[in-house]
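The tour goes from one selection to the next.

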Amino acid sequence: MPATDAHQGGPAPGGAGSTVTWVAVAGAVGALPYVAMKLYWSWGGTAGKPRRLNLADEFARNGAPWPLVWLERHGIDFTAVGIVLGITLLGALVRPWGQVFPRWVPALRGRRVPRWLLLAPGWAAAVTLTPYGSLGLAVIVTGGLPTANLAGMSPTVFVIGFLNFFAIGVSLGICSLSYQRRTRAVL
């Protein structure tokens, strides 16, 4: 007889198996070079991009929403924030705290986490980032990344970016599927 959660009457929360946990770790590790690169740029670094390129000014010129421009001007790259949130989501999808709110969440501690709260962003990210990263890597592998059309960016920047999106996208897809199966209602 499976263990039950006395508070909610459903199955006791449990983490994912070791294979899925390693998939989450691989996705997080695959994203770290991208986060490091974007943070380095936000803090004034120029390696891999043209020295004259100011991302906040570029965002503003291209009509980006003001919160994104504000973040960039204050040293916070919104895509790096998104990837850190994705890494956190990977943790929630494979650890028990992704099924029951931990004690440090005051009003919700001990209550079940609604499945959709993790599955909606997990699946949305998986179905958008995986194809984007895959197509980008396919273009690079087939030699379709012409150096004349990179706007002064190093080709390495694109490799890091597409590897990141592929790694986090695939990991979120696998971890979301595992979470979905582990948390489905027991009849």
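Is arginine 73 buried, partly exposed or exposed? Select arginine 73: its relative accessible area is 48%, and it is partly exposed. Keep in mind throughout that this is a predicted model.

**The whole chain**

Zoom out and colour by secondary structure. The chain has six helices and zero strands, so from the N terminus on the order reads α-α-α-α-α-α under the DSSP assignment. Of its 187 residues, 37% count as buried. The accessible surface comes to about 11,000 Å², and carbon and sulfur atoms account for 68% of it. Among contacts between residues at least 6 apart in sequence, 71% join residues at least 24 apart.

**Three salt bridges**

Side chains of opposite charge can pair when their charged atoms come close. A search of the whole structure finds three salt bridges.

Arginine 73 lies in helix α3 and aspartate 57 in helix α2 (residues 55-61), so the bridge ties together parts that are 16 residues apart in sequence. Aspartate 57 has 30% relative accessibility and counts as partly exposed.

Stay in helix α2 and select arginine 61 with glutamate 58. These side chains also form a salt bridge, at 2.8 Å from N to O. Both residues lie in helix α2, three residues apart, which is about one turn of the helix. Arginine 61 is exposed, with a relative accessible area of 60%, whereas glutamate 58 is partly exposed at 27%.

Next, select lysine 38 and aspartate 77. Their closest N and O atoms are 3.5 Å apart, and the two form a salt bridge. This pair links distant parts of the chain: lysine 38 is in helix α1 (residues 18-42), aspartate 77 is in the loop between α3 (66-73) and α4, and 39 residues separate them. Lysine 38 is buried because its relative accessible area, 11%, is under 20%. Aspartate 77 is buried too, with a relative accessible area of 1%.

**Phenylalanine 78**

Last, select phenylalanine 78, in helix α4 (residues 78-94). Which residues does phenylalanine 78 contact, leaving aside its neighbours within four places in sequence? They are Phe59, Leu68 and Leu71. Draw a distance to leucine 68: from C-alpha to C-alpha it is 6.4 Å, although phenylalanine 78 and leucine 68 are 10 residues apart in sequence. Phenylalanine 78 counts as partly exposed, at 33% relative accessibility.

Terms used
Residues numbered from 1 in each chain as written. Predicted model: local features only at pLDDT ≥ 70, side-chain atom pairs only at ≥ 80, totals over all residues. Heavy atoms only, no water. Helix = DSSP H or I, 4+ residues; strand = E, 2+ residues; numbered from the N terminus. Buried < 20%, exposed > 50% of the residue type's maximum accessible area, 1.4 Å probe, protein only. Contact = heavy atoms within 4.5 Å. Areas by Shrake-Rupley, 256 points an atom, 1.4 Å probe, with all protein chains shown as cover. Salt bridge = Lys/Arg side-chain N within 4 Å of Asp/Glu carboxyl O.
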